[in-house]
Every structure is written in structure tokens, then in C-alpha cells.
Amino acid sequence: MPISVSDMQPILTVDRIEVRYGKVVAATDISLVIGKGEIVTLLGPNGAGKTSVLKAIAGLVAPADGRIAFDDGKTVHELAGKPGHVLAKLGIAHVPAQNIVLPRMTVEENLEVGGRFLMSDRAALQRSVRSLMDRFPILAERRTQYAGLLSGGEQRQLAIARALVAKPRLMLLDEPSIGLAPKTLGEIFGLLKRINREDGIEMLLVEQNVVKALELANRAYVMRVGAMDFSGPCEDLARDERLANAYLGS
Amino acid sequence: MQGLTAHFGGITWAFVLDLFTDYGLFLVSALGLYVLMSAGQVSLGHAGMVGIASYSAAVLAVKFHVPFWLSLPLTGCIGMVAGMVYCYLLGWRLSGFYLAIGTFAFGEMMINIWLTSDYLGGAIGFSGIPLLARWPVLLIVLPPIFYALWRIEHSRIGLAFRAIRDNETVAGSMGINVARTKLMAWMIGGFITGLGGCLHAHRVTVITPTEFGIYTSVTMLLAILMGGLRTFWGTVLGAAVIYFGPWLTTTSEPRDRLMFYAALIVILMILRPQGLLASRAAR
Amino acid sequence: MAEYLFEQFLIGISTGAIYAIVAIGYNLVFGVMNVLNLSHGAVMMVGSFGVLLLFYLGIDNFWLAVAFGIALALVTGLLVERIAVRPLKGNWWNIKVATLGAAMFLENFVTRLTDGRPMPYPRPFKPVYYTIVGDFEVSNVQLFLIACSLGLMVAMMLFLRHTTPGKAIRVVAQNPDLAQCVGVNVQQTMVLGFALSAALAGCAGILNAVTFGSTYPFVGQFLGLKGLVILIVAGIGNVRGCLIVALVLGVLESFSVVAGGSQYRDLVAYSALVLTLLVRPHGLFGEEGRTGREI
């Protein structure tokens, strides 16, 4: 299916990548684009390889084939094959699905860690941590508690806040809805929307909760076992009957 | 060629026979450990169990004058009871690394008990055990052990061992009684180890506590890791590599031998991570 | 009697502090790489012999020799990491066997060089005895050893808590994937953890040799096993727990010598280990979540 990219300025271009673990192919021939200011969601059933694609973009696994290009506003970087910490320095913040906080560090330490290895200016780091605590009052309240003792929703907020410390360009979010109560889920998704608007950070969102994801995102990609199946604006996806039946369970 | 002749020049048939007998005795104890390992019961203190059997055999022979052919099965049974104790105390409670460390600590504890016991000869050792375990004994003892292991390997109990080694939870959900299977492994392994300990005592005639320490345990463990866990023949081969390897590697200087041997272990681990005789999925 | 007990207490504290350094060394490598490095004891031995090597070469300066010994231990540790750990790609059983092979190699190599006899060890300075109260005496060497060991421990804890590389080690220990996401170079941090562990091993080896006035090629086996006992009793991944358990064990050991004789020394340590495993399989300060499966 053709993707109309003529009217957008892509900051991330994934071009036909393949991810494999040894001999097992997790995803193949995956292409996607994230334009300026966009929230893009990557949907699909369990085991379709969404997380593998996200990990490849974040540098946690090296793609076996294909290109990933990232435009940070000044230069275009080739990402494929570079390790995760290098990508983090380029401004790509990845929030995994599980084990998202450092349990044996305090909330404040967790936030500090988010910028400690990425920012050389210690004072700027302190300012950034403080402003994030203003923005996430619950974290300020819990700042001396061990992160492992926070509730699921609080941990998710902490992980998102930590990803923001070093002022990233692009956020990769793996199932931010996982394990959250409906009310908390609404809060988190509202938060993501605000971050996108106020900080101008683009997002790639892998989700199981299709309804919520389609509400939040501008465009969607759908994967079927290991390959891309659909891409387009979210409204089109919601209207596509065949896909709706297959994936959205309506 | 001349170097080779010089290297092997002093070797007589009697010496080769001795070497093979020592190998055979080592193999019996190692096979006991193989049974445990095949059921995922990693022991880092197996020499301690051998020691329990050896000291039992020594006491039976010297203090109670029990004849060798009666003492051998009796020690096997003592080994089996020891295996049950190990299983109750450690096997059922710990797994993986903690089990390895627990068995190690248990072995070291036994050594220190033997060291402090005057009845058992303390640090000087227990002496006066008759030299009876010569090569013909091995010809009688080893074939039944091989047969038994072969039968176990091709039976339901062997399958159960492999299943709990791979994944205890899954094995349990498939209807395998994990606790009982572990107990079986400890009892069978303990029995074979008991035989090995008895033979050892009647071979060296003097046993000292420290010979049942971590180094002996690790040597046995290495024999099994070398061979892989697919079949007990792997252990037979692995024990041969461990036992004869040092003799073949280099010169007559024993320290050089150990050095090259240690290097060999590292290289083997890099080149054959799954053991010499193992399928790829074995570990 | 009281002064004898006091002396034993001091000996207990100083050996306990050395045990603690050993256990922290294991902990560092285990923390960042999730593997148990069984060559740790041998690296200690190499450190203690490094000091002697410099004296043998004719350089008669204790402090220079100590620096050289630590450096030698560090290099040895890094070589072990490169040869016997990294090529095995995280396979924990094989790493244990390979590092044990490396330890055997080092021990027999040094035996070959030195004939295996215990070697007399230099002292940093002439022992002077100070009287505290009545008959309670303490020597400057004893004080120096205790100060060194405890100082090292405190320095290590401060390093892990407050410096950027120290934080990197803690982050990798808790979650290597997340560490990458926040910009930590995981590979580099692993090597750093290994290097620190080896340097600590060198220090422990030298401190131990100064304490006993001699060293021998297999000294690392005894020390290494004690460190391992403490690691397990304290619970893997717990630095402060290691220090407490090590000091308690050191004092317990030396009092058991008073009570029963030197043969009870190790019995105490290993019985404590068995008991701990039976009562609290994850160690006194350990966490349930950390199973030994991956080690």
C-alpha cells in the first residue's frame, strides 16, 4: 500500500528492515515513516513482531537488513546497526513495555539517570529534573521512595518523565497501556498528547489497546505476523471493515 | 618420534592398567553425578558425597571387619540414604546456582567434620583400609552400572529426568511428580556414588578429608560438562578426556601438565560450548 | 584472657574486612554481567605475587610494588574477561568452567615460576605496638590494614553511589536494556566492572599477604571460597550486606579458634552457609526476585 509522504517532512524513515533472532525471523520488509509533529502507532496482534521493530529502531537489536534514517534537524543519521546508547545520544528515547524503572533507585535518582549519561551540563540536568517534578506532581511527592515500590501507573509516569529529561527528539513507546487501570490509562494517554503538542516530540507507539491508540495517533501501521499489512490515517483504519474485523475485534 | 618414545618410554603395562583402573573408579563416582545432573540437580560438592561413602566403607572394613563384597552394596545403600538426605535438605529447596553452592557448602562442612573427628583419623586421615579394588572388580561393577544407566535413559524415568532439567514448571504441568523424580535421581545417583566411594577407599587405602574438596568435585563436574548431558556415554568420554588428557598433553613436569590442561578447558569451552557428545539443545 | 580476646577480635575484623573486599569483587562482576567469575581468587594471588615480582626485579619500594601488584591484577582480570568470558556470550555454566580453567592455569603457572613454596612477604613499616588501656595493645600494621580495607570499602560505596561510571554500573546491574536506553555504553561498563573487580582482588591479595606475612600460589582458593560464602549468605547484589556479613564472619571465625581450635574456623563458615541456604535461600539481605538460575 503506498504511503503518501509528499506533504510531510520525515524525521524517521524505516526502509524495508528485517529483524531476526538467530534463524528466527521476527519481522521482515518493514517500512514506516514518522513525519514532523506526528504521533504514529504500530498495531497488530500478539507476536506480530511490533516490539522487535521498535527494538531495532531503538538499537537494542541490530536489523539484519534494511536502512533506518533519522533526521535530527541538522543532519540525517544512519541508525541501523548502531548500539542503543549511541541512539539515545542522538535524541531517541525508548520506553520499553516492562521493567521500565530502576527498582533499587529512588524516584529522583531514576530521573537523574535519564540525563546523567546524555547531558554534560550538570546544572542543566538538575534544572530539567526539577522542572519535570513540577510537571509530574506525583513524582515530586514520591521523590525519595524506591521506584520499585511505585504503582504501575506511577512507574509509567516515571519512565515517561525519565525519557524526557534529556529533551529527546523522538519517543518510542512500547505498550504504555500495559497493566494500567482504565482511569490511569486515560491520564497517561492525555499526558502523551500534551508532550507531543507542548514539547513538539514525535512519537512511535506500539499498542495492543487499539481504540485508545487510534484516538491518540495521527496515523497507524498494522502488522500481521512479521510483515506490514496496512498503513494510513487512523480514521481510514477505523473505517476499513476487513481490518477492523481482523484486528480491532469490533 | 624420539620425544614420544622418551615421553612414553617409562610406561609399562602395569602402569597402564593402573591408570585405567583409576579412570574406572573415577568414572563410577562421575556417573553418580551424571544421574543427578541429568535431572538438573547440579552438585558442586559431589566429592563430599563420595567422601561420605568412602569413610563409611573405611569404618565398615577397619572397625567392623565387614567383608568387601558385603560392604560394597552396603556402602551403595549408605550412598542412597545420603542422596535422600541431600534431596530433603537441598534438592527440594534450592535450584540452579544456589543448589550448586549449597551442595558445595555441605561438602565443605563434611570435610571439616572429618577433620575434627579423632575416630575418623582427623587431618592425618583414615588408614589401614585393605587394597581390594583392583581391575577385575571394575569388570564386575561397571557393566551392571552401564546397563542400568542405559535402561534408565530409555525409560519413562529418564524422560522425566530430562523434563525436570529443562523446565520444572512445565514438567510439573505435564503430570510429572517433580519432587518424587528429584528424589529418584538423588537415590540412584547416591547409590552409584556410594559404590564409587567404597571402591575409592579400597583403592587408595588411606583417605584424608581434604581429598574430597572442591577440586575433586569440579573435576567430576568437568567430566560431565565435557561429555554433555545427552547420554551417559558422554560422561564416559568426558571422564577419559579429564583423566588421560593431562598424561597426553605434555612433558613429564606435572605442573606444565596442569597448566596446559587448564588452557585446554578454556579452549574447549569456547570451541565446544555444548560438550563433546551433545546435541545442540542439550543445555 | 581479655587482652587475648581483644587481639582475636582485631584479627577477626581485619580478616573480615578482607573477605568483604573479595565478596564485593564477585558482586561487581556478577552485577554487571550476571556471571560468576571463578578466577577471582587466582587474580588475588597474582596481585600478591606482583608485589614480590617488583622486589625480585630489584626495585625496593613497597608502595611502588603495591601499585604494580594492583596493576598486574587488573591486567590479568581484563585478560580473563577477554579470553574466558566474552567469547562465551553469557552462557553462565560455561563461563564458570572457563574462569575456573583460567584460575587453574594462573595458579599452576605461578607455581611453576616460584616452585610453589610460600614466599615471605615484605611489611610496609616496622611494627610498633601502642597500648590503649591496660594490657590492650594494637600495632600500627594492624591499624593500617583495617584502615585500608575499610577505606577501600567506603571508597567503593561512594564511587558506586555518586560518580557517573559508578551509576552506570548500578544501572547496568539493574537492567542492561534500560541502561542502553538512557545512554549507558553497556559493553564498556561491563569491562569497567571487571577491571574494578580485578583491582579490588589485587588489593585483597596484597592485604591478605601482608596480614599473614606470606603468600603462596594457591592462596586464592581459600580466599575465593570465603568470598563466595559471604556473597551467598549476604545475598547476591548487596554491597552493604556483604560488608556486614564479612565482618561478622571474620569475628566469628577468630572466636571459634579461641573456643575450639583452628580446625573449627572453616566449619563455622560453611555451617553458616548451609544454615542460611536452608532458612533463607536468597541470602540474608537478598531479594526474592534474583534467582540463581542465571548466574
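A: Happy to; what follows is a walk through the helices of chain C, starting from the contact with chain B. This is a predicted model, in which local features need pLDDT of at least 70 and side-chain atom pairs count only at pLDDT 80 or more, while totals for chains, interfaces and linings use all residues. Residues are numbered from 1 along each chain as its sequence is written, and chains are lettered from A and ligands numbered from 1 in the order in which they are written.

Let's begin with the interface. Chain C contributes 35 residues to the contact and chain B contributes 33 residues, where two residues are in contact if their C-beta atoms, placed from the backbone, lie within 7 Å. On the side of chain C that touches chain B, at least two residues each come from α3 (62-85), α4 (92-114), α9 (219-234) and α11 (264-279); helices here are DSSP runs (H or I, at least four residues), numbered from the N terminus. The largest share of that side, 13 residues, belongs to α4(C). By class, that side of chain C has 23 nonpolar, nine polar and three charged residues (Ala, Val, Leu, Ile, Met, Phe, Trp, Tyr, Cys and Pro count as nonpolar, Asp, Glu, Lys and Arg as charged, and the others, Gly among them, as polar).

Now for α3(C) and its packing within the chain. Helix α2 (residues 40-56) of chain C packs with α3(C) at an angle of about 140°, their axes 7 Å apart; axes are lines fitted to C-alpha atoms over the stretch in contact, and angles run from 0 to 180 degrees between N-to-C directions. That angle makes α2(C) oblique to α3(C), since angles under 35 degrees count as roughly parallel, over 145 as roughly antiparallel, 65 to 115 as roughly perpendicular and the rest as oblique. The crossing of these two helices is right-handed, meaning that the near helix is turned clockwise from the far one by less than a right angle. Among the residues that meet are C:Val43, C:Gly47 and C:Leu54 in α2(C), and C:Phe68, C:Ile70 and C:Thr76 in α3(C). This contact has 12 nonpolar, six polar and no charged residues.

Turning to α9(C), its axis comes within 9 Å of that of helix α10 (residues 239-260) of chain C, and the two cross at roughly 120°. α9(C) and α10(C) are therefore oblique to each other, and their crossing is right-handed. C:Ile230, C:Leu231, C:Val233 and C:Ala234 of α9(C) make the contact with C:Gly241, C:Cys242, C:Val245, C:Ala246 and C:Leu249 of α10(C). Eight of these residues are nonpolar, one is polar and none is charged.
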